[in-house]
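Reader: Could you walk me through how to read a structure like this one? I would like to start with the pocket.

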Amino acid sequence: MDAIGDINVVAGGYGRRVIDLDRGWCTQRLDLEPLARAHAAELAPLLDDASLHQFTGGAPLSAAALAERYGRLAARRSPDGDQLWGNWAIRVRATATAAGIVQATLPAGGPAAAPAEVAWVVVRAAQGRGYAKEAARSLVAMLQEAGWTVAAHIHPGHLASQRVARAAGLSPTPYVHDGEIRWIGPPTAAH
């Protein structure tokens, strides 16, 4: 097992490096916990903020709907098996309060199949403290260490998310999908 700070990447079969989606990790100030249905009770009131959907669309979910969603995500795999889902709650260690979530969607075929897609959301009360940058940087580093190219899709007007992506080592590309710019970071591990 290798560690990137406190992020663990394990050796898989045939010398492949894999990410343990059921395991959390720590950064300098944050604990990232595998997302579970139980997180909905704490996160629902914090995510019940229409401004968090300004660039992504949609609307806040009720606590019951969020619990149902987190229950599905806790399976760590799409129903058809084509995608692996990594979702983690961001917790500020000093206060033990939830600050948001980070996620990675991985093609089940591995890094050669397609890039890992990442996203993040930090609740309004925790914004402006660098938590999104810290969590995203650690997630992207973990994925790259395991051999993944990492992608994020960011609305051109979402300057805060652009700063987070840049801090995580991602760069904008000329590709636009559904009005969002694709940001990319290559893997760091030799494969």
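Author: Gladly! In the largest pocket, strand β8 gives the largest share of the lining, 6 residues. Helices (H or I, at least four residues) and strands (E, at least two) are DSSP runs, numbered from the N terminus. This is a predicted model, where local features need pLDDT of at least 70, side-chain atom pairs count only at pLDDT 80 or more, and totals for chains, interfaces and linings use all residues. Residues are numbered from 1 along each chain as its sequence is written, and side-chain values use heavy atoms, with hydrogens and water left out.

Reader: What volume does the largest pocket have, and which residues are the closest to its centre?

Author: A pocket is found on a 1 Å grid over the protein atoms alone: an open set of points where a 1.4 Å probe fits, with protein on both sides within 12 Å along at least five of seven lines; lining residues have an atom within 4 Å of a point. Grid points are joined across faces, edges and corners, and the volume is the space filled by probe spheres set on the points. Here that volume is about 1400 Å³. Of the 46 lining residues, Leu52, Thr56, Trp120, Val121 and His158 are the closest to the centre.

Reader: How does the lining divide into nonpolar, polar and charged residues?

Author: Ala, Val, Leu, Ile, Met, Phe, Trp, Tyr, Cys and Pro count as nonpolar, Asp, Glu, Lys and Arg as charged, and the others, Gly among them, as polar. The lining has 23 nonpolar, 15 polar and 8 charged residues.

Reader: In what order do the strands of the sheet come?

Author: Strands of a sheet pair through backbone hydrogen bonds, either parallel or antiparallel. Two strands count as paired if DSSP finds at least two bridges between them. In this model 8 strands form an open sheet with mixed pairing, ordered β4-β5-β6-β7-β8-β9-β11-β10. β4 (25-26) and β10 (171-177) each have a single partner strand, so one side of each is left without a neighbour in the sheet.

Reader: How do β8 and β9 run, parallel or antiparallel?

Author: They run parallel, with 2 bridges joining β8 (residues 116-122) to β9 (residues 150-154). Glu117 stands opposite Ala151 in β9.

Reader: And what does Thr173 reach with its side chain?

Author: A polar contact is a pair of N or O atoms within 3.5 Å; within protein, one must be able to donate a hydrogen and the other to accept it, and residues adjacent in sequence count only if both atoms are side-chain atoms. Thr173, in strand β10, reaches the backbone nitrogen of Tyr175 at 3.2 Å with its side chain. A polar atom of that side chain also lies 2.7 Å from the backbone oxygen of Arg182.
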